[in-house]
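Please look over the sequence and the structure shown below before reading on.

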Amino acid sequence: MSVFKRLVVGEPFASGQRPSLTLSKRYAIPLLAVNPISSLAYAPEQVFLVLGIAGTAAYAYSVWTGLAVAAVMVAVIASYRYTVQAYPGGGGDYRVVAANFGPGAGRLTAAALVLDYILTVAVSVSAAVAALDVVLPGLHPWRAWIGAAAIALLAAFNLRGGRVSGRFAAAVTVAFVAGMAALLIAGFLRVGTGEDLTAATADLDTAEDREWTSAALFILCARAFAAGSVAVTGIETFTTRVRFFRPPRGRNAAAAITAVGATTVALFTGVVVLAHLVGAQSSAEPGASGYLQHPLLAQLADTVFNASPAAITPIMLATAGVLLLAANTAFVGFPQLASVFAEDSLLPRQLHKRGDRLVYSNGILILAVAAALLVVLFGGRTDELMGLYIVGVFLSMVLANAVMVRHWRRVLDVERDAARRSRARRARGTALAAALACAAVLAIVALTDYRRGGWIAVLIIGGCYLLMRFIAQHYAAVRKEIELPPGRQRLPARSHAIVLVSSVNLPLMRMLSYARATRPDTITGLSVNVDAAASRQLLAEWERRAIKVPLTVLDSPYREITGPILEYVKALRTDAPRDVVTVYLPEYVVGLGRQPGRLARGHFNWSTTLLHNQTTKAIRRQLKYEPGVMVCIVPWILGESTEPPPLRRIPK
C-alpha cells in the first residue's frame with residue numbers, strides 16, 4: 001500500500017515547502033475567470049433545451065429569455081463587487097452568512113456550497129467530454145465513464161500537490177474567449193451582410209406539434225430563464241479567493257469581477273442572439289432519426305465556419321480545456337473550504353489535516369468520489385445534472401446577498417459621511433436586487449423544475465445540513481465533557497494491575513515486567529478456567545517458575561472468557577470506586593518477515609493475521625466502556641522480536 005501511495009501521490013513535502021498563492025491581477029484574473037467563463041459552454045444551451053420542449057415556435061422567446069438572464073448576471077456581479085470590498089479578507093459566502101445570520105444559516109450555506117462544488121466538477125467534466133465528443137465522435141457511448149476517468153485524473157493531479165500555473169490558465173482562458181469572440185464576430189458579420197446563415201439543426205423535429213396556452217408558455221419561459229441563469233455560477237468564487245490578489249485586495253478583486261463579469265455577460269448574450277438568428281435548436285431527445293446532437297457552441301461553429309474542422313477543432317479543444325480548468329479549481333477550492341468547515345466543527349476534523357503533499361487529501365478524495373458517482377448515475381448528461389446545480393448555487397447566493405442587505409443597513413446606521421452613505425445605499429439596493437433575482441430563480445426551479453433533479457438537490461442539502469448540525473453538536477458535547485474543571489484534580493487513591501494469563505510464555509513475562517515497571521499498588525495474574533486440565537497445568541507451571549505474582553483463576557461453567565473477566569474488574573471497581581484498574585493484554589503483531597530466516601519469511605507474514613488476537617479484541621471491546629479501567633496492549637512482534645526479558649526474574 002505504501003508503494004502504491006508513493007506511486008500515485010509521490011514523496012512527501014515538508015511544511016516549509018508550501019508555495020505562495022499571491023498573484024498579480026494579470027494572472028489572478030485568468031485563473032479565477034475559468035469558473036464564470038466556462039459556464040458559457042453550457043448555460044446558453046440550457047435556454048434552448050427548455051424552450052425546445054414546446055417546439056420551434058418557442059425559440060422566438062430565446063432572446064428575451066437570454067436578456068432576462070443577463071440582467072440577473074449584472075445584478076449578481078454588481079453585488080459581489082461590493083462584497084469583496086466589504087470583506088477584503090475573503091471567506092466566501094459561508095463566512096459572510098455565518099457572521100451575520102448566525103450558525104444555522106451558516107450551516108445551510110455550507111451545505112449548499114458542498115453541493116455546488118460537487119456539481120461544478122460533475123457538470124464541467126460532463127460538458128468537457130461533450131465538447132471532445134465533437135472532435136472524437138467515438139467517445140459518445142462511453143461519455144459517463146470517460147468523465148469519471150477524467151475526474152480520477154484531476155484528483156490524482158491534485159493529490160500530488162499539482163498546481164495550474166497562472167500563465168497556462170491565462171493561455172487556455174484567452175484561447176477560449178478569443179475563439180468565442182471570433183465565432184460571434186464572424187457570425188454577426190455574415191448575418192449582417194445578408195448571407196443565408198442557417199444551422200444544420202434548424203429543421204430538426206424536436207417536439208410534437210401541439211397547442212400551448214399562454215400560461216404554459218409563460219411557465220416554460222420561466223423555466224428556460226431559470227435554467228439559463230446557471231451562467232451566473234463561478235462569480236462567487238472571487239469572494240473565496242480575495243487573498244489571491246495583491247494589496248489592495250478588495251479593490252483588485254472588484255476590478256477582476258467587473259472585467260470577467262462584463263466579458264461573460266457580453267459573450268452569453270451574443271451566443272443566445274446568434275443562435276436565435278441562425279435557427280439553432282437543442283433538445284434532450286432530438287428525435288428517432290439517430291441524429292447525434294452536438295452542443296450549441298459546436299452547432300454555431302459548424303454553421304459560421306461552414307463545418308471547417310480547422311476552425312471547429314480549436315474552439316472545441318479550448319472549450320474542453322477551460323471546462324477542465326474549472327473542474328480543477330473546484331478541486332483546489334473545495335478541500336480548503338471543507339477544511340474551514342472542519343475547523344468550525346461542521347465536518348470531521350480529518351478534513352482539516354494536510355496530506356503528504358501539503359494538500360487536503362481527504363477533501364480531494366470526497367469531492368472526486370461524489371462527482372464521479374453523479375456523472376455515472378446521470379449518464380454524463382449535463383442537462384440532467386443542471387437541476388441539482390441550480391439549487392445549490394442559488395441557495396447560497398440568496399443567503400449571501402440577503403446578508404449584504406443587512407450589512408449595508410448596519411453601515412447606514414452608523415455612517416455619517418455623505419459620500420459613504422450614498423455608496424452604502426447603492427450597495428444595499430444592488431444586494432437587494434441580486435437577492436430577489438436569485439430567489440426568483442430558486443423559486444422557479446423549486447416550483448416548476450423539480451423533476452430535473454431539484455428534489456434530489458433539496459434532499460442532499462437537507463442531509464448535509466442535518467449531518468453538519470449533528471457533528472457540531474457532538475464536538476460541542478465532547479469539548480464540554482473533556483474541559484478541565486476549576487480547582488485541583490483528584491488523583492486515584494490506588495492503582496491495580498491485572499495481567500491476563502492464558503499460558504506461561506515470553507509475551508506473558510513481558511507483560512509482567514511492564515506491569516511491575518509502572519509500580520502499581522497491587523498486581524495480579526488473572527486466568528479463566530474453561531478447561532480444568534489446562535488450568536491445573538497452568539498453576540503447576542506458575543509454581544514451578546516461582547513467579548512472584550499471585551495468580552487468580554476464575555471459574556467459567558459456560559466456558560465464556562470475556563464475561564468472568566468483566567465481572568471481576570467491575571467488582572474490583574465497586575469495592576474501591578476511587579481506584580484505577582489497568583488491564584494488560586497481549587497482542588501478537590504479524591511482521592513482514594524482514595529478518596533473515598525461513599521461519600520469519602514463511603510463517604509470520606500478513607496472511608496469518610486473522611489467526612491471532614481475536615480473544616484480546618473481544619476483551620478490549622468490553623473493557624473500554626468501563627469507567628476507571630485502562631487497557632494496556634503489550635505487543636509481541638512475531639518473527640522480529642529480539643532479546644526478550646528473562647523468564648526467571650521479574651525486575652523489582
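Is Arg559 buried or exposed? Arg559 is exposed, because its relative accessible area is 58%, where exposed stands for over 50%, buried for under 20% and partly exposed for what lies in between, with a 1.4 Å probe and protein chains only.

## The model and its confidence

This is a predicted model, in which local features need a pLDDT of at least 70 and side-chain atom pairs count only at pLDDT 80 or more, while totals for chains, interfaces and linings use all residues. Residues are numbered from 1 along each chain as its sequence is written, and side-chain values use heavy atoms, with hydrogens and water left out.

The pLDDT, which is the predictor's confidence in each residue on a scale from 0 to 100, averages 84 over the protein, and 86% of the residues score at least 70. Over residues 593-601, however, the pLDDT is below 50, and this stretch has 14 contacts in the model beyond near neighbours in sequence; a contact means heavy atoms within 4.5 Å.

## Two arginines in loops

Arg559 lies in the loop between β3 (551-555) and α20 (562-575), and its phi is near 60 degrees, a positive value in a residue other than glycine. The names of such elements come from DSSP runs numbered from the N terminus, with helices being H or I runs of at least four residues and strands being E runs of at least two.

Arg519 is placed in the loop between α18 and β2, and its phi, near 55 degrees, is again positive in a residue other than glycine. With a relative accessible area of 67%, Arg519 is exposed.

## The largest pocket

The largest pocket has a volume of about 640 Å³. On a 1 Å grid over the protein atoms alone, a pocket is an open set of points with protein on both sides within 12 Å along at least five of seven lines, whereas a cavity is a set where a 1.4 Å probe fits but cannot get out, and lining residues have an atom within 4 Å of a point. Grid points are joined across faces, edges and corners, and the volume is the space filled by probe spheres set on them.

The lining consists of 30 residues, and Val501, Ser502, Ser503, Ser527 and Ile561 are those nearest the pocket's centre. Elements that give two or more residues to this lining are α18, β2 (522-529), α19 (532-544), β4 (580-590) and α22 (614-623), and the largest share, five residues, comes from α19.

Ser527 is found in strand β2 and counts as buried because its relative accessibility is 6%.

Arg510 lies in helix α18 (residues 506-517), and it is buried, with a relative accessible area of 12%. A polar atom of its side chain lies 3.1 Å from the backbone oxygen of Pro635.

## A covered helix

Helix α3 (residues 43-51) is mostly covered, as nine of its nine residues are buried, including Glu45, Gln46 and Phe48. What covers the buried residues of α3 includes α4 (62-86), α9 (214-228), α11, α12 (296-304) and α15 (382-414).

Methods
A polar contact is a pair of N or O atoms within 3.5 Å; within protein, one must be able to donate a hydrogen and the other to accept it, and residues adjacent in sequence count only if both atoms are side-chain atoms.
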